[in-house]
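This briefing is meant to be read with the sequence and the coordinates open side by side. It is grouped by topic, and each group can be followed on the display below.

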Amino acid sequence: MAEKKAKITVLVSGGGTNLQAILDAEKSGIINSGEVSLVISNKSDAYALTRAANAGVKTAVVSKKDYPDAKEFEKKLIETIDSNGTDLIVLAGFMVILSENFTRHYDHKIINIHPSLIPSFCGEGFYGLRVHEAALAKGVKVTGATVHFVNEIPDGGEIIMQKAVYIEDGDTPEILQRRVMEQAEWQILPESIEKVCSKIICK
Ligand code: GRF
């Protein structure tokens with residue numbers, strides 16, 4: 001067992017299946033160098049908050065609509081993250097574009113999961129089902145998921161891990177989205193977290 005653990009804050013907006021994969025990986029020991037100590041959602045009704053509470057993890061809601069502008073919203077987000085003594089921020093389906101000011105504040109301390117093999121089908125406008133729609137429209141035979149550090153370029157930071165997933169005949173965006181989650185996202189996100197956290201605690 002690792003003596004010291006990196007403190008992880010997970011940012012979510014929705015169902016939180018990736019958050020669940022992280023919490024399960026902590027339980028099973030796949031993640032051993034870090035622990036999720038806070039989950040922040042920008043949506044008060046996100047099911048991810050229930051998943052966190054069920055696992056006994058502290059939660060907070062920081063919603064854009066409660067602040068006059070993006071700057072004030074991010075200020076509150078930073079305050080909430082820092083007050084928890086965070087070592088690593090994980091974006092797990094967090095549907096907010098963060099400013100350069102925010103990403104610079106946490107250089108190489110934020111990671112994101114994107115449901116394609118970057119540099120394909122990524123960047124501005126490629127989120128949720130749109131990513132899988134674009135992959136099917138292009139007719140690619142292989143897609144996948146990528147975990148990367150977050151910088152000021154959307155989906156443009158250093159790549160940490162990738163996993164390929166085959167496209168099958170008859171795939172719809174919904175079917176493909178599910179397969180990419182099951183075969184890639186839920187696996188490489190916890191593995192990447194362990195990889196990054198093990199380096200953090202060695203510093
Ligand atoms: C996932 O497809 C992830 O790749 C993307 O947003 C989705 C989040 O799903 N960034 P969930 O909330 O983890 O279930």
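In this predicted model, a backbone N or O atom of N18 lies 2.9 Å from an oxygen atom of the ligand.

**Ligand surroundings**

- The residues around the ligand are G15, G16, T17, N18, G93, I113, P115, M181 and E185.
- Besides the backbone of N18, a polar backbone atom of G16 is placed 2.8 Å from an oxygen atom of the ligand.
- For T17 the side chain is involved, with an N or O atom that is 2.6 Å from an oxygen atom of the ligand.

- An open sheet with mixed pairing is formed by 7 strands, which follow one another in the order β3-β2-β1-β4-β5-β6-β7.
- Its edge strands are β3, residues 59-61, and β7, residues 159-166, each of which pairs on one side only; from one strand to the next, the twist averages 20 degrees.
- Helix α1, made up of residues 17-28, lies across β1 (6-12), β2, β4 (88-91) and β5 (110-114), and runs at about 155 degrees to β2.

**The aromatic pair**

- A pair of aromatic rings is described by the distance of the centres and the angle of the planes.
- A search of the whole structure finds 1 aromatic pair, formed by F102 and Y106, whose rings are 5.1 Å apart from centre to centre, with 55 degrees between the planes, and which is classed as tilted.
- F102 counts as buried because its relative accessibility is 0%, and Y106 is likewise buried, since its relative accessible area is 5%, where the cut-off for buried is under 20%.

**H105 in helix α4**

- H105 is found in helix α4, which spans residues 100-105.
- With a relative accessible area of 43%, H105 is partly exposed, because this value falls between the 20% limit for buried and the 50% limit for exposed.
- If neighbours within four places in sequence are left aside, H105 is in contact with I78 and D82.
- H105 and N151 are 46 residues apart along the chain, and their C-alpha atoms are separated by 10.0 Å.

Definitions and conventions
Residues are numbered from 1 along each chain as its sequence is written. This is a predicted model: local features need pLDDT of at least 70, side-chain atom pairs count only at pLDDT 80 or more; totals for chains, interfaces and linings use all residues. Side-chain values use heavy atoms; hydrogens and water are left out. Rings of Phe, Tyr and Trp (its six-membered ring) pair if their centres lie within 6.5 Å; planes under 30 degrees apart count as stacked, over 60 as edge-to-face and the rest as tilted. Buried means under 20% relative accessible area, exposed over 50%, partly exposed in between (1.4 Å probe, protein chains only). Two strands pair if DSSP finds at least two bridges between them. Helices (H or I, at least four residues) and strands (E, at least two) are DSSP runs, numbered from the N terminus. Axes are lines fitted to C-alpha atoms, for helices over the stretch in contact, and angles run from 0 to 180 degrees between N-to-C directions. Contact means heavy atoms within 4.5 Å. A residue is near a molecule or strand if one of its heavy atoms lies within 4 Å of it. A polar contact is a pair of N or O atoms within 3.5 Å; within protein, one must be able to donate a hydrogen and the other to accept it, and residues adjacent in sequence count only if both atoms are side-chain atoms.
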